Amino acid sequence: MSRKRKELPVVPALEITDVAAEGNAIARWTTDNGQLVVFVPYGAPGDIADIKIDRRKNSYAQGHIERMVQPSPIRQEAVCTHFGVCGGCRWQHLPYSFQLKCKQQQVEDALTRIAKIELPEISPILGSPGIWEYRNKLEFTFSNRKWLTFEQLRSGEAFPDRDAAGFHIPGSFDKVLDIEKCHLQDDFSNRLRLFIKGYAKEHGISFYDIKANSGMLRTLMVRTASTGEKMAVVVFGADIAGQGEMLLDAVRDAFPELTSLMYVVNLKVNDSISDQTVLLHSGREYIYEEMEGLRFRVGPKSFYQTNSAGAYELYKVVRRFAGLTGNELVYDLYTGTGTIANFLSREARHVVGIEYVPEAIENARINSADNSIANTEFYAGDMKDVLTDEFVDAHGVPDVMVVDPPRAGMHQDVVDVILRACPRRIVYVSCNPATQARDLALMDGSYAVKAVQPVDMFPHTHHVENVVLLERRY
């Protein structure tokens, strides 16, 4: 006999008191066994609400706002009509100044509670130059399984048209929320997405069915640059002969401002195009970004910071912390397409960049050549395999190291090589203060933290970048 699942309660009039590191709000629920922290999405400190408990563990619970009793005085109206369903921009209901305060606290908590090392005063966070339409890259999904809200399902109404163009619903890999307007990118991307959706509906082009791995129209990537150049990459789930070719022609004709129109035929089950061939339909195979007179080629697979204006603020912090005089050998680890390496090259004697993705390294070399930069060199491969003692012996002991690892932080082998190479200064850029704090603790015996500068690159989300300057103790 199966055991009946215990119904979880609605806790009346709980006050939301804080914001957690992962973006949820926090309330405290007094139970018969003591007090539990309840994580609540889309809450604001100061809200008083009836909270439906969705999941209960021994040390915490998860819930959602069932009824707002009294909204917080800091709560504001969300800009986007898809807020609360889409899953992105989860802090739209919080003033931007409060978002920055939360991110500052997130950095301070990570460095003090995890690293547990001596720290200087942490500088006030630098806000993003723009808080809407700040992204230079968005990816949309086309699907024949449009997400229906609970209200729509309960209405009993039939919804025969289930085609959608938008974003995957969090936790539902096969459902896509149809997006009318996204405020994260220049409105060009909205017009382009809606045009493609409309054209496909009018001409009977099928939308992708993720469960059956069938359908013509699959995904759309839109890149927009600060230079005004624009790229679109349409991904098809079947051969484009006929319908696909006509769609691409229609996009080219309707959007003459497109610098680059490309496409992929992806027959795999997953949406990643990193292992797929991207083909040019019209225009160039890349667009240009620009920063302080430097021009950077950005291709369909290139990594480039998704907030162009914010990236410039971030890189200025990196340059200031590096303290270059023109005589230094710099290593730029996890260099991507060499943006930081090229940005620093004018004030360094020589810059060596290392990156895992071979295509990114090829772009880094092209970017150096395009900007007549002759004092850089780049190497591709897994960081722990490329950055060895032998590599340092062959290329010279760096005076400055810039590291910008993925969210997981640095591999222990990489940390060990850095400690043996013993550069005078390390500038550590991180999108995850928790793993950054762990790595700082590993290096604390040899390096002292001299400066900390949080930078916001992703308004309305809990994500934050942080830059730390370390100096050799001896």
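This passage describes the overall build of a predicted model, then a barrel of strands and one buried aspartate.

The chain contains 11 helices and 21 strands. Its radius of gyration is 25 Å, close to the 23 Å that the globule rule gives for 474 residues, and the chain is therefore as compact as a globular protein of that length. Along the principal axes, the C-alpha trace spans about 70 × 65 × 45 Å. Of the 474 residues, 53% are buried, while the chain exposes about 21,300 Å², of which carbon and sulfur atoms supply 50%. Among contacts with a separation of 6 or more, 63% are made between residues 24 or more positions apart.

Five of the strands form a closed barrel in the order β1-β2-β3-β5-β4, in which the pairing is mixed. Neighbouring strands of this sheet are turned against each other by 50° on average, with direction ignored.

Asp456 is placed in the loop between β20 (447–455) and β21 (465–472). Because its relative accessibility is 1%, and buried means under 20%, Asp456 counts as buried. The side chain of Asp456 makes a polar contact of 2.6 Å with the side chain of Lys103, and a polar atom of the Asp456 side chain also lies 3.1 Å from the backbone nitrogen of Phe458. When neighbours within four places in sequence are left aside, the residues in contact with Asp456 include Tyr96, Leu100, Lys103, Ile125, Leu126 and His463.

How values were computed. Residues numbered from 1 in each chain as written. Predicted model: local features only at pLDDT ≥ 70, side-chain atom pairs only at ≥ 80, totals over all residues. Heavy atoms only, no water. Pairing = 2+ DSSP bridges. Helix = DSSP H or I, 4+ residues; strand = E, 2+ residues; numbered from the N terminus. Axes fitted to C-alpha atoms, helices over the stretch in contact; angles between N-to-C directions. Buried < 20%, exposed > 50% of the residue type's maximum accessible area, 1.4 Å probe, protein only. Polar contact = N/O pair within 3.5 Å; in protein donor to acceptor, adjacent residues only side chain to side chain. Contact = heavy atoms within 4.5 Å. Rg over C-alpha atoms; globule rule 2.2 N^0.38 Å. Areas by Shrake-Rupley, 256 points an atom, 1.4 Å probe, with all protein chains shown as cover.
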